[in-house]
Structure formats: C-alpha cells, structure tokens
Amino acid sequence: MCTFKDVSHLFTLLLLIFKLQTGHAAPAPMSTQQTNLQQLHPPGGKRNADWILDFYGDNIYLNEDDKKAFVKNLDHLVVGDIRSDCPGGFSKGIYTLLKDYDAGGINYDKDKVLIKVIGGVENSKSKVDYRAWGEVKALKDVGLYIDSGMANVDHGNYPVIVMKMVEGVRIQDTIEYKDANPDQKLKLLEEAKPHIRKEVVYFAVEKGILHADSHLGNFLVGGTRTSKGLVLEIPITKVQLVDWGYPGVFKVKKGVTKAEVEEWFDLDW
C-alpha cells in the first residue's frame, strides 16, 4: 500500500524536476526599468540578497559602445540551419555556420560557433534593446563573445550574436535521463548540483555576474552522441553554464563572497 510518506516523497521529487525543467526563479531586480520581471521573480528574503543588483543590461551598466553592439553589418557571416534543440524565449533561434568566421584577426571554426538571432515570442519584431545589449556584455565578460551586428538569416536582415559553442549535452536529452524514474532523475540532478554551484559561484565572485537561471536547458554535461542517442558520461564530473541572456543574468556587488553565493544557490535550488 502507498503511504502518505511515499506520496510526499514522490511529490518532492517531481516538484524539483519540474522546477529545473521550467526554470528557476531569478532574484527580484531593484531597477524600475525591470519592473516587468518582478511579476516573474517575486522577492524572497535571502534568495534576493542585497549583493544581487539589477539585470546585467540595466542602463547604469551600459556605456555608449555597448549600445552600438548591433550597428555594423556582418556581410561575411554565412548562417546555416537552425538548431531544433535550442529554442529561445527571447531569440528567433540558434543557428549554425556554413563557413568559418573571421573576427578580430582570429579565424573561428564553423563547427565551434553558434549564432543567436535576436527575436522570439517575447520580441517578435527583433528589437534591439537593453536585453540584447546586456547579453552581449555578459558574453564578453564570460569569454564566449565573438561578434555581433546585422546579418542575413532566413531571407531577412536580423540582429545576431556570434558566440563560441560550449561543449557538452543537455542532461534531459540523454538516454540515461529519459529512461530514469523520478528517484533516478533526482540522483542525476544531485550529482550535477555541486558542479553547477561551482560554476555559478565562480562567475559571481570572479566576474561579478550571477547566472540565476539554472534550469535543465541552461547547463551542459559530458556526453557522447551514438547511433542510439546521447549517452551521458557517468559520473558527472563537469558542468558548463549556457544562456547568458535576459532575464536570468544579474550584476552583483563587488566583494561578494563564495559563502554568500553558495547560500543563495542552495536556497534557490
């Protein structure tokens, strides 16, 4: 017979998995420019610690050069197919490259580059604003930025961000995760948790940028593509964060400590 304790345990597992699949609540922003985010991310005590500031693209963090990120035309950028496994609420899509790309005197292998096209359901007219500028600034600060500007995509001219591809696979796309029951999924997520925490803490303390959106699609783990599908590398020994855009990336106060960020992460998790 299924006891109340059993039901309660199962509910807890499903709740955590659902939370990671649909996205974490980011801290409530303080800027009046970001009031629309307050409905998405309500205040929550230590989850909104005073060392967490505004969205990375808030006007007080942008200079005039930041706001010129999409002015130039990227005529030599040859955009390929859209990646069906990379949807984006604030992007028209993530695309591949057909040819290698030169930027700043460096040649980038087309197979190690991704193109994010600004747009999406929340930005159907592909408007460039603080959200796009903030993502460019964040990508620069975490070392993934290559270039940005206007480019031809799907017979149209759109603002795009050219970025380095992060190696790894999404855990929910692996055979092991898909075939797992709730307990087994929780075990895999708990195995990934300290590595996610380590990355979040590093960027907050060393780079001054908080990645507050650690849902399943926003971190990559080791995996191998086979004829049967993606095989997860077990044990999980490394995690890399992806998606440094609106609305889950925040500026943090200088001097924030490892312990402070770890405490926030554990509360948010």
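Select Glu-167, Gly-168, Leu-220, Val-221, Gly-222, Glu-233, Pro-235, Ile-236, Thr-237, Lys-238, Val-239 and Gln-240: they line the second largest pocket. Lining residues have an atom within 4 Å of a grid point, and a pocket is an open set of points on a 1 Å grid over the protein atoms alone, with protein on both sides within 12 Å along at least five of seven lines.

This is a predicted model, where local features need pLDDT of at least 70, side-chain atom pairs count only at pLDDT 80 or more, and totals for chains, interfaces and linings use all residues. Residues are numbered from 1 along each chain as its sequence is written, and side-chain values use heavy atoms, with hydrogens and water left out.

Color β11 (219-221) and β14 (239-241), the elements that give two or more residues to its lining. Strands are DSSP runs of E, at least two residues; helices are runs of H or I, at least four; both are numbered from the N terminus. The volume of the second largest pocket is about 160 Å³. Volume here is the space filled by probe spheres set on the points, which are joined across faces, edges and corners.

Next, the cavity. The structure holds one of 30 Å³ or more. A cavity is a set of points where a 1.4 Å probe fits but cannot get out. Select Phe-90, Lys-116, Ile-118, Asn-123, Lys-127, Asp-129, Arg-131, Ala-132, Glu-135, Gly-245 and Tyr-246 to show the lining of the largest cavity. Its volume is about 80 Å³.

Now show α3 (130-142) and β6 (113-118), each supplying at least two lining residues of this cavity. The largest share, three residues, comes from α3.
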